[in-house]
Amino acid sequence: METKREMRNVSEEAYPMKSGDDLHSYSNNSDFQREIASSANQLVSEAIAEHLEIENLSPSTTIRVADLGCSVGPNTFFAVQNILEAIQLKYCQKSQGLLNSQIPEFQVFFNDHSSNDFNTLFLSLPPADRRYHAAGVPGSFYSRLFPTHSLHIVHVSFAIHWLSWLPKEVVDRTSPAWNKGRIHYSRASDEVVEAYSGQWAEDMTLFLQARAQEIADGGLMILIFPARPDETPHSQVSINVSLNVLEACLIDMAKKGIVSQEKVDLFNVPMYYMSPQELGDAVERNGCFSIEKMGILHHPTSSHYQSLTSSRDKAQVIASHFRAVMEGLIKAHFGDEILDQLFDSFSRKLEDEISVLDSAKTLNYCTVLKRKTMI
């Protein structure tokens, strides 16, 4: 059956994180994502020990790992290192006294859109004595990226909530789902929510189809993602609360004539925070994977955010993280002239919402899928 994307013949949009290594870069404003991903290390290591099938692999087999949506900065390298250490341990336990030189070679693929700052990424690549060969793979993970059954482990962290593109209905004035005056779905009409959830479901169908072809039988896929707890209203998700604040800032700027109201009406953030049930349903529909583990990643005691005592300081940290993620998207739509003013306003408005944000209900999950052996 043709998908909407095949019928429309339109390529995916790209939303790269803030490049470089400056004050507002993703490299310097992604410690929250790093801490959450690090809290999954034990679950990931256990999943590899218990479920990765290596029995039928010859000693000459190169173990191939891919990190999809790797972005820039050190987070991807930390995740890869944990995965490789767990694989090495599994091999050593399989054969006591195995010589270090007999552990298979590793090849790691770092994937993101072609507009990602791969230069910064590879400038920060670990030293030459690392235990893997590295390669960059540009392209959208909502399509095929690798040869058939060529991968043993796929890792995706803080990426599958990004839609491949914005549902066209939400910016169509003739559509019941036109999201006039809003930049997101959390407080919007049912038609808008359905447009977002439908786009996510279509994207996830394509994502799982592509990975089912690329991952070898018995291989694993590790998904780390923020999610809306089952039965929780979209308006009570902490990230959506923050987006509502950003929306208010843009509306204020439109009232002051800094940006046009039409520009605001046509701007929507292409993110959707699924529930675990929605992900489970997508995996079941695909039929090529089994869910081996799904765990809630408890929010670590951040060395930075949790140590802050004032609402102002907390708001500034959140605003900096948002800017690192959203700057490219906002710049493409509104231009770069508004960035400083917008995020200064965003930080000030967040101060009044800190207690709401701290009590909101976003959870972060780690789900491990195993590629079924298909007869």
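**View 1. Arg 187 and Glu 247 join their side chains in a salt bridge, with 3.2 Å from N to O.** Like every view here, this one shows a predicted model. The pair links distant parts of the chain, 60 residues apart: Arg 187 belongs to the loop between strand 4 and helix 6 (190–214), and Glu 247 to helix 7 (residues 238–255).

View 2. The side chain of Asp 252 meets that of Lys 349 at 3.0 Å, N to O. Asp 252 counts as partly exposed at 26% relative accessibility, and Lys 349 is partly exposed at 29%.

**View 3. Glu 53 and Lys 370 form a salt bridge of 2.9 Å, N to O.** Here the parts tied together are 317 residues apart in sequence, because Glu 53 lies in the loop between helix 3 and strand 1 while Lys 370 lies in strand 7. With a relative accessibility of 34%, Glu 53 counts as partly exposed; Lys 370, at 14%, counts as buried. In total, the structure holds twelve salt bridges.

**View 4. Helix 3 (residues 41–51) has Leu 43, Val 44, Ala 47, Ile 48 and His 51 as its buried residues.** They lie on the same side of helix 3, because the arc they cover around the axis is only 135°. As a handy reminder, an α-helix has 3.6 residues a turn, so residues three or four places apart point the same way. The packing partners of these buried residues are helix 4 (75–94) and strands 4 (151–157), 5 (215–227), 6 (289–297) and 7 (363–371).

**View 5. Strand 2 (residues 106–112) has six of its seven residues buried.** Strand 1 (residues 63–68) pairs with strand 2 in the parallel sense over six bridges, and Leu 68 has Asn 111 as its bridge partner in strand 2. Strand 3 (residues 132–138) also pairs with strand 2 in the parallel sense, over seven bridges. Between strands 2 and 3 the chain passes through helix 5 (residues 118–123), in a right-handed β-α-β crossover.

**View 6. The largest nonpolar core holds 80 residues, and Phe 207, Met 326 and Ile 330 touch the most other members.** Helix 10 (residues 311–334) gives the most to this core, with ten residues. A second, separate core has 35 residues, among them Ala 47, Ile 83, Tyr 91 and Ile 153.

Definitions and conventions: Residues are numbered from 1 along each chain as its sequence is written. This is a predicted model: local features need pLDDT of at least 70, side-chain atom pairs count only at pLDDT 80 or more; totals for chains, interfaces and linings use all residues. Side-chain values use heavy atoms; hydrogens and water are left out. A nonpolar core is a set of buried Ala, Val, Leu, Ile, Met, Phe, Trp, Tyr and Cys residues joined through side-chain atoms within 4.5 Å. Buried means under 20% relative accessible area, exposed over 50%, partly exposed in between (1.4 Å probe, protein chains only). Helices (H or I, at least four residues) and strands (E, at least two) are DSSP runs, numbered from the N terminus. Two strands pair if DSSP finds at least two bridges between them. A crossover is right-handed if, with the strands pointing away from the viewer, the path from the first strand over the helix to the second runs clockwise. The arc is that of the directions from the helix axis to the C-beta atoms. Contact means heavy atoms within 4.5 Å. A salt bridge is a side-chain nitrogen of Lys or Arg within 4 Å of a carboxyl oxygen of Asp or Glu.
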